[in-house]
Amino acid sequence: MLAGRTELTGLFVEKPKSVVAITGKDVTFVVKVDSTNLTRKPTMKWLKGKWMDLGSKAGKHIQLKESYDRNTKIYTYEMKIVKVVQGDAGGYRCEVSAKDKCDSCTFEITVEAAEQEEQADILSTDRREKKKPEPELEIDVWELLKSAHPSEYEKIAFQYGITDLRGMLKRLKKMKVVEPKVSEAFLRRLESAYSVNKGKKIVLSVEVTDPNAEAKWLKNGQEIKPSAKYIMESNGNIRTLTINKCSLADDAAYECVVGTDKCFTEVFVKEPPVTITKLLDDYQVVVGERVEFEIEVSEEGAHVIWMFEDQELSRDDKNSKYRFKKDGKRHCLIIQEATIEDSGMYFVYTNGGQSKGELIVEEKELEVLQSIADLTVKSAEQAMFKCEVSDEKVTGKWFKDGVEVKASDRIKISHVGRIHRLTIDDVKPGDAGDYTFVPDGYALSLSAKLNFLEIKIDYVPRQDPPKIHLDVAGNMVSQNTIIVVAGNKLRLDVEITGEPAPTVCWMKGDKVHAEGRVRVENRKDLSCFVIEGAEREDEGNYTITVTNPAGEDKANLFIKIVDVPDPPENVKCTGVGEDCATIIWEPPKFDGGAPLKGYLMERKKKGSSRWTKLNFDVYENTTYEAKRMIEGILYEMRVFAVNGIGISAPSLNSKPFMPIAPTSEPTKLIVDDVTDTTCSLKWLAPEKIGAGGLDGYIIEFCKEGETEWHPANTDLVDRQSYTVRNLPTGEKMNFRVVAVNVAGRSPPALLEQPVTVREIMEHPKIRLPRELRTKYIKRVGEKINLVIPFQGKPRPVATWLKDGQPVDEKKVGIRNSNVDSILFIRSAEREHSGKYTLILKIENMEDSANIDIRIVDKPGPPTQVHVTDVWGFNAALEWKPPKDDGNCEITGYTIQKADKKTQEWFTVYEHNRRTNCTVSDLVIGNEYMFRVYSEILCGLSEDPCMSKNTAIVAKTGLEHKQASYKEKDMNCAPKFTAPLVDRSVTIGYSMAISCAVRGWPKPKIIWMKNKMIIGDDPKFLMQNNQGVLTLNIRKPSTFDSGKYSCKAVNDLGEDVVECKLEIKGKPGYLSQAKNVNKQSLLLRHIIAGGGLIHLS
C-alpha cells in the first residue's frame, strides 16, 4: 500500500510510509532523491499539515539530516522525531524541488499510548516480577520558554539543542497572545487551535464584554465576508463564525477583532483517507479488443495511481497506449487495442486503499468451415475457388504463386457473409499455379492448385540419359553459389534434357521441396526452383537430381541469403563536454551475410520527434564524438548499421544525456598564511561555470620534484579558502585547486612557485585606528567597543593595562584573536576613565600602544554667582567654576536674566568661556535676577546657580552726546577679489562657475561666452549674492565649451575675469545618462568671513 501521493515527476527513489508510533519512542523517516537528471542540488522541505515548516522547529525533538552519495548521485534526507508525543500525530508532507522540477508525497503518524501492563518472568525460579525502568521525565521546551525570563532563553536553547531560537520566540510570542488573559473586549477568547474533518462544519465562538460591540472575523489576515459558507452570528455577548463544508482551503489562521483587541486561533482540516468502494474486475480478451478497468472511490477529485506489474503508468507520456478517465468518484484506465504484451496484473492505489485486477489477452482463433480444393479445368472453362470461415467480418487476400491476385474483367473476387470466392473465367494455360487465401490479421492460409488440362498425343520417344544444364552465371559469386537478398524472390530455371522426360527432385539435406513458399515448378525441358520472399533459414546446400530409364544426373548448389544487418546494440554516452558528447556502441550481432561498411548516426532533443543526421558518409568506428550541441539540453542518439545490401533498422535510443562542460580553472590562487604545519590558500571562482553549475573545490598538494598529487580534502569545499594541515615542516610544497561539477574536474589553478612550510617570523605591529590616537571621549552609560587590529607571526600575546596595572576583566571585557584585540564596556562609568595600554609580545619582540579613554558626565552648576557692579543699562557678573567638572574641561557657560516682576528667563550669553560677563540692554527702573549654567561636551549642567544679589537699574538724568566722526569715502572702481577658474565637466551634468567682485557704486555685471554677451537664454542662470557672482549652466553639451568671461562696470571703471570650460564625454552619452541620478555641482567662493570654499 502506498503511503502518500506523488506528482508524476519521479524524483523520489524511496518515500516515507505512514507509521503507528508508540508514545515515548523514536521514529525515523527516510527519503531518497535521484539527482541524475538534475542540474543543481534539490531543496527538501518537511511540512506538517498544509503549511507548518518543520525546518524552523528542528532541535532536540525533531532532528533533520542530509547526506549525498556521489557514486549513485542519490540524496538521502532523514527526519527523526525523538520521543513521540500525542501532539506529533497528524498528516505530514515532504516536498523536493530543483529548478523547474518538483515532487511531493504525504504520510501520517498515528500515536498510541504505551502499554503499562507488567510482564512476569515465568522462566525465573523465584518468579519475581520484572521491574520496568521508570520512564524518563518528558520536558516540554515550549512550557519552559513560556515561564522563563527572557534573560534565560539562550541558556535553555543551549541546554536542549534549539538551533532556531529566533523562530521559536516568534511562535512563542503568538502562543502567549493566545493564552487566556484579562481583556477589556473579550470575556472568553478563541481556543489555541481547532480541528475538523474535511466536508464537516465547525463553529468558532467568543464572548465579548460589550453586547453592542461589533466583531470582525479574519482569515490569514483578510477580512471574511458573510456568505453561504461563512455565517456570522451575534447573540447577546456571544459572537460566532460558522464554516460550512470545510475544505483544505479552510486550513488557515483565523482571528476575531473587537475594537483594537484581537484573539487568534488555527483551524486544521483533516483529510479523510480515500477508500476504494468498487474494486477492479479481471478481464479476458482477445488481441485488438478494448479494455476498460474501472473503480469508484469514496471522495470526488481523489488522486489515484495506476500501475502495471511494478511500473507506474504515467499520464504525461504522450506516446503511451494508456488513457486515463476521471468522472466524479469514478476512475478508469482504458487500453484501446489490447496486445499480448498487455497481459498481466494491474494495480490501483489511493492513500487509503488498493485494488488489483488481472488482464489475460489471447490470440484470435479463426475456424475454417470449408477449405478450398484443387481444380483441374480445360481451356476456356471457368475455375472457382471457394472457402468458408467462422467470422463473417474477416477480410482477406488471394495470391497466385505468392503474388496478390487483382480483380479484372476475367477474374472476380467476392466476399458474402462467411464465404470468400475467387472466380476465373476463360481459363488459360497461364492461370495454372498455386492459389492461396490469407485472412487479414491471422497467421493462417488456405491453399489449392489449379491444373490446366491439355490434350496430348503420346508417342514413344527415343531414350537419352538425363542431363542438367546449369546456366546461373549472373547470380553466382563463385562456382555453384547463388546470392539472394532477403525478402526477394529467387527463380532458378535449370534446363534438363533426356528421353523420356526425366523426373526432377530438389532437396535440401533430407528435405524434399515440391510445394509451398519454397517449391519446384517442372515444365518440359525445364525445372524451376522458386523461393518466395527469401529468408535466412533458406540458406544452405541444395541438390537437384534428374532420373529416367536411361540414367541419372546430379548437381549441387549453395544458396546464400544476404540481408541488411541487425541494428547496433548498447548505444550509450560515455562522456560529455560543453558542446559535444562521446557515443559508443556495439556492432550488430548479425551482419546480414555481407561485410559491414560502417554506421550512420542521428540525434534529437528529448521530447522532440525530429531526428538530425550527424554524418552522410559511412563512419567505420564504434566510437563517435557528436559536436555542435547546446549545453544544458537533453539529447538522445541512435545508430544505423550499413552493409552492401542496405541500412539496418535504427538501434534503441540511448539514455538521455546532457552536454555539460567542466568549469574553467579557479582564478587568482594565492597563499594567505603559512605555519610550521599548515598552509592557508585563497582563490576566486572560475570565470566560466556553465549550465553544470559548481559543486565545490578539491585542493591537492605534492612535494617539489614529485608528480603524484595528494588530495587535501575528502569532501568538496564550498568556500573559496582552505587550510591544508599536517604538512611536513621545512618541505617545499606545490599546491593546486580544481573546481568540480557534474561534468567532472576543471583544469587546475596552480601556484607559480612552491611554498616552504615554515612559519615566518614577523615583528608585532599594532595598527591603532586614527580616531584612537587622540583622547577618546564617551558619555556615561554609552557602550564602548574598540577593535585594535595588529599583525605578527607567530600569533602575538596581547595584554591590556590600565594606568600601568592589569585590566580588571570583571569591569572591562577583553577578546583576542589572531589579527585583532577587542576591548568592550557594556555601560561606561566614570571609573572606566584612564590610560589603557595594549602590549603585544612575540618571544623577545614587543610593541605597545596607548589609548586615553575619558568617560564624561554632565557637570555641576557654577558657584558663587553675584552681581559686582551696575551702571547705566549694564550689570557686571562674576562666578566660580563648578566643583564637579563632569570629568571634562568646561567649554563655556550659559547666562540667563529675568525681570523680577515677570519671572521670565531669557538667555543673554551662550558658550561664554570666561567666569565673568557684562549684561547690557537692561531696562531702567527694573530689578533683575541672574542664573548661570556650566557647559561641557555632553551638554549643560542639570541645575543652574542663581545670583546671590540682584541688579537694580536706577533712573538718572541721561543725555545723548553724538560722537563726531569723518565719513569715509567708499567709492571705488570694480575689482574682482576671486577670479574664474578653468573647469572640465562631464556632458549632461549641470554645473556652475563663480567669482567675487567689490566696488561702489554697485557695478553692473555682464556675462559673456566667447566675447558674446549671454542674453536671456533659459539654459543659463545668473546670480549675484552680496558680490558673489554665479553662472549656472543646466545640462551642458559639447556646444557649451568655450571661453567664459565676467565684466563688472560702474562710473569709476571696469574689470574683467575669464576662464575656459571643457565638456567631456562621447556624443551618445546623454542617452545613457537618462537613468543616472542627476547631480548639480556648485562651486562657490565665499570671500567674506574667512574665504571658505564650499563644494556640493
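User: Which residues does Glu-255 touch, not counting residues up to four places away in sequence?

Analyst: This is a predicted model, in which local features need pLDDT of at least 70, side-chain atom pairs count only at pLDDT 80 or more, and totals for chains, interfaces and linings use all residues. Residues are numbered from 1 along each chain as its sequence is written, and side-chain values use heavy atoms, with hydrogens and water left out. With contact taken as heavy atoms within 4.5 Å, Glu-255 touches Lys-216, Trp-217, Leu-218, Gly-221, Lys-262, Cys-263 and Phe-264.

User: How far from Glu-255 is the nearest side chain of opposite charge?

Analyst: Glu-255 belongs to strand E17, residues 252–258 (strands are DSSP runs of at least two residues, numbered from the N terminus). It is buried (under 20% relative accessible area, 1.4 Å probe, protein chains only). It has no salt bridge (a side-chain nitrogen of Lys or Arg within 4 Å of a carboxyl oxygen of Asp or Glu).

User: Which residues have the most contacts inside the largest nonpolar core?

Analyst: A nonpolar core joins buried Ala, Val, Leu, Ile, Met, Phe, Trp, Tyr and Cys residues through side-chain atoms within 4.5 Å. The largest one has 25 residues, and those with the most contacts inside it are Val-33, Met-44, Trp-46 and Met-79.

Definitions and conventions: Helices (H or I, at least four residues) and strands (E, at least two) are DSSP runs, numbered from the N terminus. Buried means under 20% relative accessible area, exposed over 50%, partly exposed in between (1.4 Å probe, protein chains only). Lys and Arg count as positive and Asp and Glu as negative; His and the chain ends are not counted.
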